Amino acid sequence: MNPSVETLRATFGSAIGRAVESCGDTIVYVERAALLEMMSWLRDTPGQQYDYLVDVTAVEYRDRERPLELVYNLRSLERRADLRVKVELEPGGDLTVDSIVPLWRGADWLEREVYDMFGIAFRGHPDLRRILMWETYAEGHPLRKDFPLRGRFSRAEQVRQALTANPEAHYSLEELSIAAAYDELPPDMRERLRRGERGKIPYSE
Amino acid sequence: MSKRTVELELATPGLDAQGRPARLPLAAAAPEPERLSESGASGEHMLINLGPQHPATHGVLRLVVELDGETVVRVIPHVGYLHSGFEKLGEYRHYNQIIPLTDRTDYLSPMANNVGFALAAERLMGIELTPRCTVLRVIACEMSRIISHMVWLGTTSIDLGAFTPFLWAFQERERIYNLQEMWTGARLTTSVTRVGGMMADVTDDFVAGLRQFVDTYPKTLHEIDRVLTRNAVWVGRTQGVGAMTAQEAINYSLSGPMLRASGVPYDVRKDRPYLDYDSYEFDVPVGEHGDVYDRYLVRLEECHQSNRILRQALERLPGGPVNVADPRLILPPKSRAMSDMEAMIYHFKQVMEGVKAPVGEAYVGIENPKGELGTYLVSDGTAKPVRWRIRPPSFINLAALPKMAEGHLLSDLIAINASVDIVMGEVDR
């Protein structure tokens, strides 16, 4: 068992849940409210120095009773130690977690991917958009267990949507707003930009 | 000093006492922030769309670039054009059936991906490999490193206007592909590992062929080194371009040559050894400036070191079985499955039910050519993983592209993007 767990428990008390070991890795479960503070502590405290964020991902089990797990793999390059931190979330409940981008810039795309694939929203993320699926993708979050392997829509519907896709959505609204292009935008788009809208989701109206 | 002046000076680089080009301090080449606002007075920012079909984006990467004159103000990468949902597909497949999917992620180093997945599945199931299998997997990994770096070198040199090294590099890659074909029957989609062993043992012809490759390969590396390392155009286009400091590289979770070029001496093979890497003699090249030039030097030296490892692996290649002796894991030979009742039952159970993994989870990171390829497997005790996560090195390295490119020229963006060494199959998965 990684000694960091005991130190964590001494520092954060009840915010630290159970700790288990699997295949040589220590996994510690934490409360989501303490996540950001704890990550920052793990990164900056001498003796811990988990300075390298290996990965951010999530796991949903086939057993619907089990919570959705958000998984952070941390590593201390100097001490050559690894620690896996997990946050448990209710699949049907509030899926908002503090973003760790302020601590590790490398978490930017990783959190976007988790958001895209699992629908977990990260509070404080600078640019939380879908990353692998396109911005107007309306079928949901593919790696959730209730998402069918072939997608939610029928193949015919998917083809129809692709063929009738809005070519204006080729650039995101932010990109179109860049500099000179802004003046050439149609008035309704400028209005939507001002309201802070992102992509236009087809068939949502 | 402006960037332009630096380039002019570098066009005729002076040589230092060792005959290497004298390097300018990075600070001189770094863009000065106030320059942006100076030329930005005109207010004419341009929006350029680069890709997804563009030879210099190395696949279907799309970059939306905001330009102020020729200076990159902002880069917005768009990925996902090659998204195939491998991780989702893996949840519907037995462990051995996932291996062909791993070929198709980083398709420039398929064998190393096969090894990475198999190692994670084996750690999950608690399997000890045979000595011959261990050495064969090291050979597979290092062959992959060489072909991947050769593709990187070839395409990057083309991006920067040098055509000859591309031909040399691809010639060497072709020789490794012939060896891969000899071993597995496939050049690209090798699927060479199985959980607990390998798909096939190597033949004597393969060993002889690889030995011949190992003996002759350094000559090409020296030729590439001669034509690029001190080349004024190459040096001018790469030095001081897209630099990342060690701290930034760690903060951006870079891995592999990208991390080491920035001066962080971290190599999974040395720091968390897998297979029997701790018993090989090899050096880990580390850069100091973290620019495109250092990434080139690191990768070139890694090719030499891979060759060194291959030579040692060939010397020590032990005899004996390549698969573990567990009939529940390894398919019996077809002839036995057809004639022996017991073998047929094992064959049937493995094909129909798959190999069950105990409840638990395992993460194994291996040093892939692109960086740390992590495989994270979560099992609920059935024959199919609950979650198969690939930690994609090129996806995470690519995320630092905007940081590296902003403030540089558009032509530098091409060099920086090339230096990340992405493969879109893995970025998008």
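Author: Start with a rule: two strands pair if DSSP finds at least two bridges between them. Keep in mind that this model is predicted.

Reader: What makes β2(A) and β5(A) a pair?
Author: Strand β2 (residues 25-30) and strand β5 (residues 81-89) of chain A share 4 bridges. At least two are needed, so the two strands count as paired, and the sense is parallel. One bridge joins A:V30 to A:V87 in β5(A). Another joins A:V28 to A:V85.

Reader: What is the sense of pairing between β1(A) and β2(A), parallel or antiparallel?
Author: Antiparallel, over 5 bridges. That meets the rule of at least two, so these strands pair as well. Among the partners are A:V20 and A:I27, the latter in β2(A). The two strands form a hairpin, with 2 residues between them. In its turn, A:C23 has a positive phi of about 50°.

Reader: Why are β1 and β3 of chain A said to stand at the edges?
Author: Look at the strand order in this open sheet of 5 strands: β1-β2-β5-β4-β3 (chain A), with mixed pairing. β1 (16-22) and β3 (52-59) each have a single partner strand, so one side of each has no neighbour in the sheet. On average, neighbouring strands are turned by 20° against each other, direction ignored.

Reader: Which helices lie across these strands?
Author: Helix α1 (residues 4-12) of chain A lies across β1, β2 and β5 of chain A. Its angle to β1(A) is about 175°. Helix α3 (residues 107-118) of chain A lies across β3 and β4 (68-76), at about 5° to β3(A).

Reader: How many residues make the contact between chains A and B?
Author: Chain A gives 34 residues and chain B gives 39. On the chain A side, β3 and α3 each supply at least two. The largest share, 6 residues, comes from β3(A). By class, this side has 21 nonpolar, 4 polar and 9 charged residues.

Reader: What makes B:A121 stand out in the largest nonpolar core?
Author: The core has 150 residues, and B:A121 and B:A140 touch the most other members. Helix α7 (residues 131-159) of chain B gives the most to this core, 14 residues. Leaving aside neighbours within four places in sequence, B:A121 is in contact with B:Y95, B:V195 and B:L377. In soluble globular proteins, nonpolar side chains tend to be buried together.

Methods
Residues numbered from 1 in each chain as written. Chains lettered and ligands numbered in written order. Predicted model: local features only at pLDDT ≥ 70, side-chain atom pairs only at ≥ 80, totals over all residues. Axes fitted to C-alpha atoms, helices over the stretch in contact; angles between N-to-C directions. Contact = placed C-beta atoms within 7 Å. Nonpolar A, V, L, I, M, F, W, Y, C, P; charged D, E, K, R; others polar. Core = buried A, V, L, I, M, F, W, Y, C linked by C-beta atoms within 7 Å. Buried ≥ 20, exposed ≤ 12 C-beta atoms within 10 Å, placed from the backbone.
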